Amino acid sequence: MIITLRARFTAVLSLALVFSGMGASIPAMAEEESNPPFETEVIVRTVNQFKNVADVEDFIELSEQHGVDVISLNVKQDEDDEVPSGRVFYQSDIAPIAQGYENFDALQEVITAAHAAGIKVHAWIPQFHDQEAFLAHDEWQMQSLVGGVQTPFTGANGNEYFVNPLHHEVQQYERSIIQEVIENYAVDGVVLDWIRFDNYNMDVSNYTVAKYQAAFGYSPLTINFDVDSAQRRQWNEWRTEQIGQYVGDIRQDIIGSSNPDVELGVYILPPEFTEVGQDVAKFKNDIDFVAPMAYFDDWEFNSDWVYSTSYGILKDTSDRISGSQVDIVPTLDNDWTNDQYQEIYQGIRQNYPGVKRLSFFAYGAWPESELIKINERTTWPTPDWTAPGEQDYPAQLPAGWKARNIGSKPGNATYNTSKKQFTLSSSTTDIWGNGDQLNYIYQSVSGNAEIIVKVQSTSGLDGWSKAGVMIRESLSSNSKHADMMLTPENGATFQYRTATAGTMTDQNAAASVPKWLKLKRTGNTFKGSISSNGSSWQTVGTVQIPMNSQVYIGIALSNPGDTSGNKAVFSNVKITH
C-alpha cells in the first residue's frame, strides 16, 4: 500500500483545510438531517496485527464491538520490511510462507472468527511487488532503463523488488496464488494491489522489448522516457492496456472457479501518477469495486482534492468508471484532524452519494482507540459542525498590509521598523499542485502592478522552501496566481497556476540568497525576474493568465520543513500600481 513517490511528492505536506469551488466553504448540514452510517473497512497488515490465534480473536472482538464491516487482510506481503514481499500468510503450495506462519494460518483463522461475527473478509493480494519471485527468477525481474542500460529495478532505496507485469510466466504465477486462495478459503472478496509499473522507463527487459517491437515496429529502448512525446504516450498506453487485460484475466479465473461470486476490487493510485501505467477505465467492466488511495496530504494536495466535483481523485475515478456498476470505496488515512474528516465526509456525501463504504489504512497494528474513532465518525458530519473559515491573523505590520496563512498552516510575520525588514516563518507548507499552503502578507490592488523585494536571508528552512513575491486572484488556496521565488538550495523559480484549481508550472534559473526578485503584471501578462543588485534584471519567465482586475499582491513563504525558528527576511520592499 505504501508506494514509491515521484520527485514532486517527496514531502508529506498539507494537512490543510481548504475548500473547493471559488473559495466558498461547504455549508453545514441542516440540524434536522440525519446521515446514514458509512460502512467501515479496515486494511490490516498481517505481519503487524496477527502473530497467533489470540491476536485474531482479540482483533475480531474489537472489530465487532466497534462496527467494522469488512477486513481487508494482507494475505501476501506488500512491503520489503518485516517480511520480504511475496511471502504469504496462509498454507500455500505455491508461494513461500512467511516465517512464523508455517503452523499459523492467519487467513483461515481470520475468516473463521470474522464470519462468526458477521464481518466480511477480503483477501488483499499485492501483485507485482514481489521480492521472492524477483530473486527466484532473473528473467522475471522488472528492468528499468538507466543511462541507456537495462537495469533490474529495486526502487529508490535499493530494497523494493518488482517483477515484470507483462511477462506471461509472472502473470501465471501471480494469478495462481489468487486462484489458490479462492479455491481453498471462503473469502468474500479479492483486492489487488501493486498492479503497475513504477515509471515510464520500465519494463524494458528483452522479453518486453521484443513484444513491443513486434507490435509497433520499433524498440522502446529508443524512447526518451524523460520527455513527453508521441512515442512515450504510445508506450504508456500499450502498458496500460496490458494491465487492464491482466485484471480481466483474473476476473475470468474467478468466474471459472468454485467460488465465482467472490468480489474483485483494486487499490489504485491517484490519476496524477500517469507514469505507472494504471487506469481503472481499462478494467472497469471486470471489477466490482475500486479503492482509490485518497491520501491527500501524502500526495501534497488540499483536502478538497478528495471530494471536489471539479478535480481530484473521486472525480477522476468516477469519470473513468462511468457507465459501469463499479462501487467506489475511498481509502483514507487514520491520522487527519476532526475538521478534515467532517469536511471530507460531508463533501463525499454531497458530491458522491453512491459511496457507501470507507476504507482505512494503518501501516502498523490497529489500536482500539483508532477503531473507536472510526466508528464514532460513521454518521459525520455532525449536525452542529460548520467549516472553519480562513481569516487574517493579527500581525504588527505597516499600514495597508495584512497577514494570512493560506491553507490553514502555521506561520507568523513581523516588521522591523528601524531596518524596514519583514520576517516570515512557515511550516509544512508548499506552493504547488492544485492548491497552495503558505504564509502570505499582502495588499489589494487593481490593474497593472509591480512588486520588488530583496530576499535578505533565510534560516532553518527546507531546501525546497520558496520565499518571494506573489500576485493572486483570490485568497483561496486553489487561486490563479504567479510568483517569483527563491529557494535555499534549488535556485530561483517563476511559478504560475493559470486556472482555478489547475496544476502549476515553473520556469527556473540558477540563483542563491541574497537576491532581488521582481514580479510585474501588465494586463494579463505576468513576468518574473531576478537581480543581484536591484537594477540589472534577468527575466526568468513570462506567462499569460486571465485574471480579475483586483488582485492580492505581496510577499509569500512556503516551507515543507517543520524546524522551529525558521524564517525568511525580506528588505527593500516596493509596490507600484
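In helix 11 (residues 368-376), the residues Glu 370, Leu 371 and Ile 374 are buried, where buried means under 20% relative accessible area, exposed over 50% and partly exposed in between, with a 1.4 Å probe and protein chains only. Seen down the axis of helix 11, these buried residues fall within an arc of 100 degrees, so they line one face of the helix; the arc is that of the directions from the helix axis to the C-beta atoms. What covers them includes strand 1 (39-44), helix 2 and strand 11 (357-361), with contact meaning heavy atoms within 4.5 Å. Helices (H or I, at least four residues) and strands (E, at least two) are DSSP runs numbered from the N terminus.

The model is a predicted one, in which local features need pLDDT of at least 70 and side-chain atom pairs count only at pLDDT 80 or more, while totals for chains, interfaces and linings use all residues. Residues are numbered from 1 along each chain as its sequence is written, and side-chain values use heavy atoms, with hydrogens and water left out.

Nine strands form an open sheet with parallel pairing, in the order 9-8-7-6-3-2-1-11-10, and its edge strands, each pairing on one side only, are strand 9 (327-328) and strand 10 (331-332). Two strands pair if DSSP finds at least two bridges between them; strand 6 (residues 189-193) and strand 7 (residues 263-268), which run parallel, are joined by four bridges, and Gly 189 stands opposite Glu 263 in strand 7. Helix 9 (residues 313-320) packs on the sheet, where it touches strand 7, strand 8 (289-292) and strand 9, and its direction makes about 155 degrees with that of strand 8. Such angles run from 0 to 180 degrees between N-to-C directions, and axes are lines fitted to C-alpha atoms, for helices over the stretch in contact.

Helix 3 lies across strand 2 and strand 3, running at about 155 degrees to strand 3. Which residues of helix 3 (residues 106-116) are buried? They are Ala 106, Leu 107, Val 110, Ile 111 and Ala 114, and because they cover an arc of only 125 degrees around the axis, they are on the same side of helix 3. These residues pack against helix 1 (46-49), helix 2 (53-65), strand 2 (70-74), strand 3 (120-126) and helix 5 (168-184). After helix 3 comes Gly 118, whose phi is positive, near 75 degrees.

The axes of helix 2 and helix 3 come within 10 Å and cross at roughly 30 degrees. The two helices are therefore roughly parallel to each other, a term for angles under 35 degrees, whereas those over 145 count as roughly antiparallel, 65 to 115 as roughly perpendicular and the rest as oblique. Their contact is made by Val 53, Val 56 and Ile 60 of helix 2 and by Glu 109, Val 110, Ala 113 and Ala 114 of helix 3.

Some backbone details remain. Most residues other than glycine have a negative phi, and most peptide bonds are trans. Trp 194, in the loop between strand 6 and helix 6, has a positive phi near 55 degrees, and at 2% relative accessibility it counts as buried. In that loop between strand 6 and helix 6 (206-216) Asp 203 is also found, and the peptide bond from Met 202 to Asp 203 is cis, with omega near 0 degrees. The bond from Trp 380 to Pro 381 is cis too, with omega near 5 degrees.
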